[in-house]
Amino acid sequence: KSDKQFVRCIRENKGTMTDPRDGQTYKTIRLGKNIWMQENLNFAADSSSEYVGDKKTVENPGRFYNHTAALTACPAGWHLPTADDFNSLIKLIKAHNIIDYFSLKSSSGWTDYKKQTSDDDFEFTALPVGTCMYSYATKGIACYSAGEKTVFWTGNKNVENGKFECAFVHSNPSVAFGCDSYEYNSIRCVKD
């Protein structure tokens with residue numbers, strides 16, 4: 001007890017946040033310089049939808065939002081990620097010399113042919129909830145690609161082609177202008 005030793009403190013990377021609007025609590029994780037929600041947002045905003053389809057692969061998939069709703073869906077003190085936020089996440093993987101881009105995926109629920117599971121090395125825990133869109137034929141929301149991919153909104157829009165930028169997690173994570181306003185995708189909020 002009388003020995004004197006050096007002490008090194010570490011910052012806790014995990015935590016929780018409670019959405020004051022509806023009382024739901026979300027796990028959070030620090031990845032690089034950002035604190036991310038570790039779960040998909042589940043706030044029942046206008047122009048949001050629950051999963052609608054015949055193939056639900058995971059429990060608690062969160063809600064799906066069109067782009068207009070996504071822009072204001074995050075609670076106060078949090079924001080819709082930018083393309084730079086997602087690209088920083090991808091650079092973090094590369095900085096750790098991890099060539100397995102599946103590291104952002106959850107460890108269960110994925111049915112893609114290339115790899116069934118992930119080690120979820122960074123505990124981002126991207127769930128394979130797929131994506132949804134408004135169907136003019138059925139006059140409602142229809143979801144697809146559950147088990148195969150997930151798509152997250154960013155706040156960026158390409159003025160030239162009218163497409164919105166999304167982060168795709170499937171075989172490799174990527175950020176691209178490939179989403180339309182009538183799509184309904186997941187959200188992971190980032191702390192301001």
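Visitor: Is the disulfide of Cys 132 and Cys 143 right-handed or left-handed, going by the torsion about its S-S bond?

Guide: Keep in mind that this is a predicted model. The torsion about the S-S bond of Cys 132 and Cys 143 comes to about 95°, so this disulfide is right-handed. Their sulfur atoms sit 2.1 Å apart.

Visitor: Which parts of the chain does that pair tie together?

Guide: Cys 132 belongs to strand 7 (residues 131-135) and Cys 143 to strand 8 (residues 140-144), so the link ties together parts that are eleven residues apart in sequence. Those two strands run antiparallel and are joined by five bridges. One of the bridge pairs is Thr 131 with Tyr 144 of strand 8.

Visitor: And what lies between strand 7 and strand 8?

Guide: The two strands form a hairpin, with four residues between them. Look at Lys 139 in the turn: its phi is positive, about 55°.

Visitor: How many disulfides does the structure hold?

Guide: Three. Another one joins Cys 166 to Cys 179, with an S to S distance of 2.1 Å. Cys 166 lies in strand 10 (residues 164-169) and Cys 179 in strand 11 (residues 174-179), so that pair ties together parts 13 residues apart in sequence. Cys 166 is buried, because its relative accessibility is 0%. Cys 179, at 0% relative accessibility, also counts as buried.

Visitor: What about the link of Cys 74 and Cys 189: left-handed or right-handed?

Guide: Left-handed, with -95° about the S-S bond. This pair links distant parts of the chain, 115 residues apart. Cys 74 is in the loop between helix 1 (67-70) and strand 6 (78-79), while Cys 189 is in the loop between strand 12 (183-184) and strand 13 (190-191). The S to S distance here is 2.2 Å, and both Cys 74 and Cys 189 are buried.

Visitor: If I number the bonded cysteines in sequence order, what is the pairing?

Guide: You get 1-6, 2-3, 4-5.

Visitor: Let's turn to the core. Which residues have the most contacts inside the largest nonpolar core?

Guide: The general idea is that in soluble globular proteins, nonpolar side chains tend to be buried together. In this model the largest nonpolar core has 21 residues, and those with the most contacts inside it are Met 37, Leu 41, Tyr 65, Trp 153, Cys 179, Ile 187 and Cys 189. Helix 1, strand 9 (150-157) and strand 10 are the elements that give two or more residues to this core. Strand 10 gives the most, with three residues.

Visitor: Which residues lie nearest the centre of the largest pocket?

Guide: Glu 39, Asn 40, Asn 60, Pro 61 and Gly 62, out of 18 residues that line the pocket. By type, the lining divides into eight polar, six charged and four nonpolar residues.

Methods:
Residues numbered from 1 in each chain as written. Predicted model: local features only at pLDDT ≥ 70, side-chain atom pairs only at ≥ 80, totals over all residues. Heavy atoms only, no water. Disulfide = S-S within 2.5 Å. Buried < 20%, exposed > 50% of the residue type's maximum accessible area, 1.4 Å probe, protein only. Pairing = 2+ DSSP bridges. 1 Å grid on protein atoms, 1.4 Å probe; cavity = no way out; pocket = protein on both sides within 12 Å on 5 of 7 lines; lining within 4 Å. Nonpolar A, V, L, I, M, F, W, Y, C, P; charged D, E, K, R; others polar. Core = buried A, V, L, I, M, F, W, Y, C linked by side-chain atoms within 4.5 Å.
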